[in-house]
Amino acid sequence: MAHPDDVDFGAAGTIAQWTDAGIEVSYCIITDGDAGGFDPNVPRDEIGGIRREEQRAAAKQVGVSDVRFLGYPDGRLAVTFELRRDIARVIREVRPQRVICQSPQRNMLRIPASHPDHLAAGEAALCAIYPDARNPFAYADLADLPPWTVAETWVQGYEKINRYVDVTETWDRKIAALHAHASQHPEPDGLDERMRVWNGANAAAAGMPAGRLAEAFWVFDTA
Ligand SMILES: [Zn+2]
């Protein structure tokens, strides 16, 4: 993910179900979100550290303790060979069966999903999944890490959806994770309601009964 909080908006309810089932989850956050926030009284050079701590606290709410930061600057992320390599390195270290990443394609229905950093993060992650992480000859400086093929990829924030996950049972933990990003929420009281509208619409689109809440993904085979 490009920024601290992206994974919590898109996938924290799903991830809580996975960790409950005993699945190990690692986060890889590309920037420190140091262009984020709303309070001009917080010194800008402190934002990155604050947001790392917020992401670690949010991760804890959904059972994730392995949180890795790549430390790229927020707001000007580009698909470079260095970024592809750094994500491929994490994939080779963690050796995941499944990766959740952002969409490299702009969502023309919901603009916040398509922050330019998200598009770059999604493209770089998919390049890392195929071919970089599995190609033993990609990146000489990764030669000491065995190649790894990610079998399945889940994309969040894409217009097309082929998987809805009912997150009603883990909703409170998703919201707690979002509230952990306190530096990003000038009006935290309205957060739960805003998220209910969005995730309730997902559930309705999936044909779930009224009152259910769902996260939405594009899932595809990357083996
Ligand atoms: Zn973001």
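Helices, in what follows, are DSSP runs of H or I with at least four residues, strands are DSSP runs of E with at least two, and both are numbered from the N terminus. With that in hand: helix α6 is followed by G207, whose phi is positive, near 80°.

Two housekeeping points. This is a predicted model, where local features need pLDDT of at least 70, side-chain atom pairs count only at pLDDT 80 or more, and totals for chains, interfaces and linings use all residues. Residues are numbered from 1 along each chain as its sequence is written, and side-chain values use heavy atoms, with hydrogens and water left out.

Let me stay with α6. The expected span of a helix is 1.5 Å times one less than its number of residues. For the 15 residues of α6 that gives 21 Å, and the end C-alpha atoms are 21 Å apart, which agrees. Its buried residues are L191, M195, N199, G200, N202 and A203. Buried means under 20% relative accessible area, exposed means over 50%, and partly exposed is in between, with a 1.4 Å probe and protein chains only. What covers those α6 residues? The cover includes α1, β5 (163–166), α5 and β6.

Now α2. It has 18 residues and reaches 26 Å from first C-alpha to last, close to the 26 Å expected. Buried here are I47, G48, R51, E54, Q55, A58 and A59. These residues sit on the same side of α2, because they cover an arc of only 135° around the axis. That arc is taken over the directions from the helix axis to the C-beta atoms. After α2 comes G63, with a positive phi near 80°.

Next, the strands. Two strands pair if DSSP finds at least two bridges between them. β1 and β2 pair in the parallel sense over 5 bridges. I29 stands opposite F69 in β2. From β1 the chain crosses through α2 to β2, and this β-α-β crossover is right-handed. Right-handed means that, with the strands pointing away from the viewer, the path from the first strand over the helix to the second runs clockwise.

β3 (residues 98–102) is mostly covered, with 4 of its 5 residues buried. β3 and β4 (residues 152–156) run parallel, joined by 5 bridges. R98 stands opposite E152 in β4. The path from β3 to β4 goes through helix α4 (residues 116–129), and that β-α-β crossover is right-handed.

On to the interior. A nonpolar core is a set of buried Ala, Val, Leu, Ile, Met, Phe, Trp, Tyr and Cys residues joined through side-chain atoms within 4.5 Å. The largest one has 30 residues, and those with the most contacts inside it are I15, Y27, V62, V64 and I100. The elements giving two or more residues to this core include α1 (6–20), β1 (26–31) and α2 (44–61). α1 gives the most, with 6 residues. A second, separate core of 26 residues includes A2, I30, C101 and A133.

Last, V94. It is found in helix α3 (residues 81–94). Buried, exposed or partly exposed? V94 is partly exposed, with a relative accessible area of 29%. Contact means heavy atoms within 4.5 Å. Residues up to four places away in sequence aside, V94 touches S26, D66 and R68. The C-alpha atoms of V94 and V25 are separated by 9.2 Å, at 69 residues apart along the chain.
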